[in-house]
Amino acid sequence: MAETYTLKVAGLTRELKRYPVNDKLDIAAFIMFSDVELTVKCSEELLKKVSDFDVILTSEAKGIPLAYEMSRQSGKPYVVARKSVKVYMTNPVSVSVKSITTKDQQMLHLGDEKAEMLREKKVLIVDDVISTGESLTAMEKLVSEAGGIVCERCAVLAEGDAAERTDIVFLEKLPLFFK
């Protein structure tokens, strides 16, 4: 049986399975997909903590349910930075990212239409978990390339050293498990 970590967030409790990243480190997998109750409650709590914004930006894929629900509750639009260029994207803006949960280097892309939604807007960057901050940095670069202004960065959880950052808004800390 896999080891777990008991997470308490937004008034809810969830058991997160632990998975090895390498032979020295495990992480507790926080996955909002299919957990509507958790997504709704975390969105409510994050919206209480963030400052005013015009548009939400998240990256594909795990941040999408959170961004959607925060958009629905706030009435503000959201944009998804895609991991591949789609045929319908004209003049895509692209930046590279290396995440703790992904083996290889990845790219994030925005087509003209989505980049225009960020131009001269206060952009709230949203993610499920902030760990190394690499995904945040990539999204910040996309906002800059699109001519937007990052007004704040938020996530449900701050993992490891990210919990010590003062430039992010989050609901709970998520420990790393060193072996």
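Q: Which residues of helix H2 (residues 64–74) are called buried?
A: In this predicted model, they are Pro65, Leu66, Ala67, Glu69, Met70 and Ser71. Buried means under 20% relative accessible area, with a 1.4 Å probe and protein chains only. Helices are DSSP runs of H or I with at least four residues, strands are runs of E with at least two, and both are numbered from the N terminus.

Q: What do the buried residues of H2 pack against?
A: Their partners are helix H1 (36–49) and the strands S4 (55–59), S5 (78–81), S8 (122–130) and S9 (149–159). Contact means heavy atoms within 4.5 Å.

Q: What follows H2?
A: Gly75 comes after H2 and has a positive phi, near 80°.

Q: How many helices and strands does the protein have?
A: The secondary structure comes to four helices and eleven strands.

Q: Why is the protein called as compact as a globular protein of its length?
A: The globule rule is 2.2 Å times the number of residues to the power 0.38, and the radius of gyration is taken over C-alpha atoms. For 179 residues the rule gives 16 Å and the radius of gyration of the protein is 16 Å, so the protein is as compact as a globular protein of that length.

Q: What share of the protein counts as buried?
A: Of the 179 residues, 46% do.

Q: How are the residues and atoms treated here?
A: Residues are numbered from 1 along each chain as its sequence is written, and side-chain values use heavy atoms, leaving out hydrogens and water. Local features need pLDDT of at least 70 and side-chain atom pairs count only at pLDDT 80 or more, while totals for chains, interfaces and linings use all residues.

Conventions: Buried means under 20% relative accessible area, exposed over 50%, partly exposed in between (1.4 Å probe, protein chains only).
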